[in-house]
Amino acid sequence: MELREFFSESVVELDLKGESKDEVIKEMIALLGLDEKSEGILYKMLKRRENLGSTGIGKGIAIPHCRSLVVNRLRVAFGRKASGVDFKSIDEQPVRHIFLIVAPPLEVSNQYLPVLGKIAQFAREPDVPERLNAMQSPREFLALLEEKNL
Amino acid sequence: MHAQLQILLEIQDLKTQRRELLETPGERDMEEQVFHVSIDDALAKLEEKIREMEDSLSAQVRGRYQRLAGRRGRVVVPVIRGTCYGCFVSVPTSLASDAERNQDLRSCENCGRFLYLID
């Protein structure tokens, strides 16, 4: 199981428009293509998770995540906000790169935690933040995932 | 979506989050070490929110919810490809293909759990 398998170009947005944490979370959810009610429930769950502690892990990276009945398989998305957004991160720095992970409550393949761990590992690679800043297309993002071989 | 079903889904998701923190060491470690979450604080907040959401259910639905929670654990389950994911018995075709998906509060005829239709 490699991270690249979970991403496609359609779930990568390199120009998030939102100016606040809430707005970019909504934009990220929209990348998953759920119906409106499901999007609303998922937004509430992600907000509640954020209320337990920010998912901004520092170095400009956040990984909002939760389990929810509104998805029937693991879903991920990546978004970039070049100017940064206040995510109440651990290091109090603005977030530029956001990885969204949502999984159903029960997974036969049990991918949620390993994928969450791999994304955290990917995000912490020293060259990754700079390369995420520089990339021009979703395809480059997918290529970086492949290169890192996580 | 039926308003009560929406509340039930939210309760179920909150309970899932609580269960993961209580029973899955990997998830607890991840939240503590990567995201610096205080597990005790998180559990207390989740507990409070679950109670608040349970109180917002109608009396009739809350009664069924409490009976199911005591007997079956999971109260709301998805229907995926025509199968109830609580008891893994097929649900009637008319229900599984309902054009007005999740507009009504429906239950599995076999296990009694509330059903959430999902693609």
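# Worked exercises on a two-chain model

At 1.5 Å a residue, the 13 residues of α3(A) should span 18 Å, and the end C-alpha atoms of α3(A) are 18 Å apart, which agrees. The expected span is 1.5 Å times one less than the number of residues. Helices (H or I, at least four residues) and strands (E, at least two) are DSSP runs, numbered from the N terminus.

This is a predicted model, in which local features need pLDDT of at least 70 and side-chain atom pairs count only at pLDDT 80 or more, while totals for chains, interfaces and linings use all residues. Residues are numbered from 1 along each chain as its sequence is written, and chains are lettered from A and ligands numbered from 1 in the order in which they are written.

**Exercise 1.** Determine which residues of α3(A) are buried, and where they lie around the helix axis.

*Solution.* Step 1: apply the criterion, with C-beta atoms placed from the backbone: a residue is buried if 20 or more other C-beta atoms lie within 10 Å of its own, exposed if 12 or fewer, and partly exposed in between. Step 2: the buried residues in α3(A) are A:Y112, A:V115, A:L116, A:I119 and A:A123. Step 3: viewed down the axis of α3(A), these buried residues fall within an arc of 100°, so they line one face of the helix. The arc is that of the directions from the helix axis to the C-beta atoms.

**Exercise 2.** Locate A:N110 and B:R81, and classify each as buried or exposed.

*Solution.* Step 1: A:N110 sits in the loop between β6 (95–103) and α3 (112–124) of chain A. It has a positive phi of about 50° although it is not a glycine. Step 2: A:N110 counts as exposed because it has 11 C-beta neighbours inside 10 Å. Step 3: B:R81 lies in the loop between β1 (76–80) and β2 (83–84) of chain B; B:R81 also has a positive phi of about 50° without being a glycine. Step 4: with 10 C-beta neighbours inside 10 Å, B:R81 counts as exposed.

**Exercise 3.** Describe the sheet of chain B and the helix that lies across it.

*Solution.* Step 1: chain B has 5 helices and 3 strands, following the pattern α-α-α-α-β-β-α-β along the sequence. Step 2: the 3 strands form an open sheet in the order β2-β1-β3, with mixed pairing; two strands pair if DSSP finds at least two bridges between them. Step 3: β2 and β3 (114–117) of chain B stand at the edges with a single partner strand each, so one side of each is left without a neighbour in the sheet. Step 4: β1(B) and β3(B) run parallel and are joined by 4 bridges; B:V77 has B:L115 in β3(B) as its bridge partner. Step 5: helix α1 (residues 3–23) of chain B lies across β1 and β3 of chain B, at about 95° to β3(B). Axes are lines fitted to C-alpha atoms, for helices over the stretch in contact, and angles run from 0 to 180 degrees between N-to-C directions.

**Exercise 4.** State which elements and residue classes make up the side of chain B that touches chain A.

*Solution.* Step 1: 25 residues of chain B are in contact (C-beta atoms, placed from the backbone, within 7 Å) with 21 residues of chain A. Step 2: on this side of chain B, the elements giving two or more residues are α1, α2 (25–33), α3 (39–55) and β1 of chain B. Step 3: α1(B) supplies the largest share, 9 residues. Step 4: the residues on this side divide into 13 nonpolar, 6 polar and 6 charged. Ala, Val, Leu, Ile, Met, Phe, Trp, Tyr, Cys and Pro count as nonpolar, Asp, Glu, Lys and Arg as charged, and the others, Gly among them, as polar.

Technical notes. Two residues are in contact if their C-beta atoms, placed from the backbone, lie within 7 Å.
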